[in-house]
Amino acid sequence: MDTPVTLPDGFTARPCVGSDVRAVFEMVAACEAVDAGEVGIELDDIDSEWAKPSFDLATDTVAVFDDATESLVAQGEITYGTRADACVHPDWRGRGIGTWLLRWTEDHARAQGASRIGQTVVDTAADAVDLFERHSYTWLWTSWILQIRFTDAPPNAPKLPDGYTIRDFVQGADDRAVHAVIDTAFLEWAERDPEPFEDWEAKTVARAGFEPWLLPLVTAPDGAIVGVVFLIDSQDQADGWVQQLAVAKEHRGRGLGRALLDEAFNRFYARGRRVCELNTDSRTGALGLYEHVGMSVKSSYTHRALQFADTD
């Protein structure tokens, strides 16, 4: 049996509540500034995740506070039952809070019947890397953030096969078809259950600031939606972000993914963005596509996981 891990004296843990969102954002941003050298998280990222109907703040999150100052010093949450996101504010590390938080994620995953728990962390986060390695977490996949810069307008206009077209998303008409294309494509490599439409909706078309131009679609000659790219354009960030890109399996090999990327680059450039970024990982096999269009790796991350001894 695992040795019990207790929270150090002087700290208190409880589930997050909605009013914690700003404090959690600021705490995660402080972690990213130290561990990754820049801040990528946005308040809307947390808001939209917490807005998913399947996400339960009372059971899927924990917040750790310093009793003396009532400051938030650490936070963790679980999605899909097996994926953790947890961090300790840089000013409060080295006190055993990270070890307690790691055990919280493991206990939560076990309680939900999961066979493992894992977390993706930037490779420059020395404290987190050391913590996972000391607790026998092993590599499952590598993730990368890729970037492309434009001093002039993007050189390529989208090129599509005959009969295929690119158009804007129509809210209320295209929602479920777009979700089906994305989720079906992502399930080819992601080890999870299908994502409910309402969860996807909360993170995309119901996200604060969403506009139809942020979701270009490719339609086939019969009018069916067969490719999509979801973009995030935030006033808080200098770069345009490509959040999701998917092409229906039966329509691949025709340059639709490349066309959607070119469309994204041109749309961002027209709105003053001179840098575009996206994330992919080694499970997708898409790294070559992004490098082929001129993107380069900016930073790398590793997903480490612990397989529970009492599961197959």
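Student: What makes strand 6 and strand 11 a pair?

Tutor: This is a predicted model. In it, seven bridges join strand 6 to strand 11 (residues 275–281). Pairing takes at least two bridges. Seven meets that cut-off, so the two strands pair. They run antiparallel.

Student: How do you know that strand 6 also pairs with strand 12?

Tutor: Use the cut-off of at least two bridges again. Nine bridges join strand 6 (residues 138–149) to strand 12, so they count as a pair. This pair is antiparallel too.

Student: Which residues stand as bridge partners of Ile145?

Tutor: In strand 12 the partner is Ser299. In strand 11 it is Asn279.

Student: Where do these strands sit in the order of the sheet?

Tutor: The order is 1-2-3-4-5-12-6-11-10-9-8-7. Twelve strands make up this open sheet, and the pairing is mixed. From one strand to the next, the twist averages 25°.

Student: Why are strand 1 and strand 7 said to stand at the edges?

Tutor: Strand 1 (11–14) and strand 7 (165–168) each have a single partner strand, so one side of each lacks a neighbour in the sheet.

Student: What makes strand 2 and strand 3 a pair?

Tutor: Strand 2 (residues 61–66) and strand 3 (residues 72–79) share five bridges, and at least two are needed, so they pair. The sense is antiparallel. Thr61 stands opposite Glu77 in strand 3.

Student: Which strands does helix 1 lie across?

Tutor: Helix 1 (residues 21–35) lies across strand 3, strand 4 (83–88) and strand 5 (116–122). It runs at about 95° to strand 3. Helix 5 (residues 126–134) packs on the sheet as well, touching strand 5 and strand 12 (296–307). The direction of helix 5 makes about 155° with that of strand 5.

Student: Why is the contact of Glu38 with Lys298 called a salt bridge?

Tutor: Their closest N and O atoms are 2.4 Å apart. The limit is within 4 Å, so the pair qualifies. Glu38 is in the loop between helix 1 and helix 2 (43–50), while Lys298 is in strand 12, 260 residues apart. The count by this rule is 21 salt bridges.

Definitions and conventions: Residues are numbered from 1 along each chain as its sequence is written. This is a predicted model: local features need pLDDT of at least 70, side-chain atom pairs count only at pLDDT 80 or more; totals for chains, interfaces and linings use all residues. Side-chain values use heavy atoms; hydrogens and water are left out. Helices (H or I, at least four residues) and strands (E, at least two) are DSSP runs, numbered from the N terminus. Axes are lines fitted to C-alpha atoms, for helices over the stretch in contact, and angles run from 0 to 180 degrees between N-to-C directions. Contact means heavy atoms within 4.5 Å. A salt bridge is a side-chain nitrogen of Lys or Arg within 4 Å of a carboxyl oxygen of Asp or Glu.
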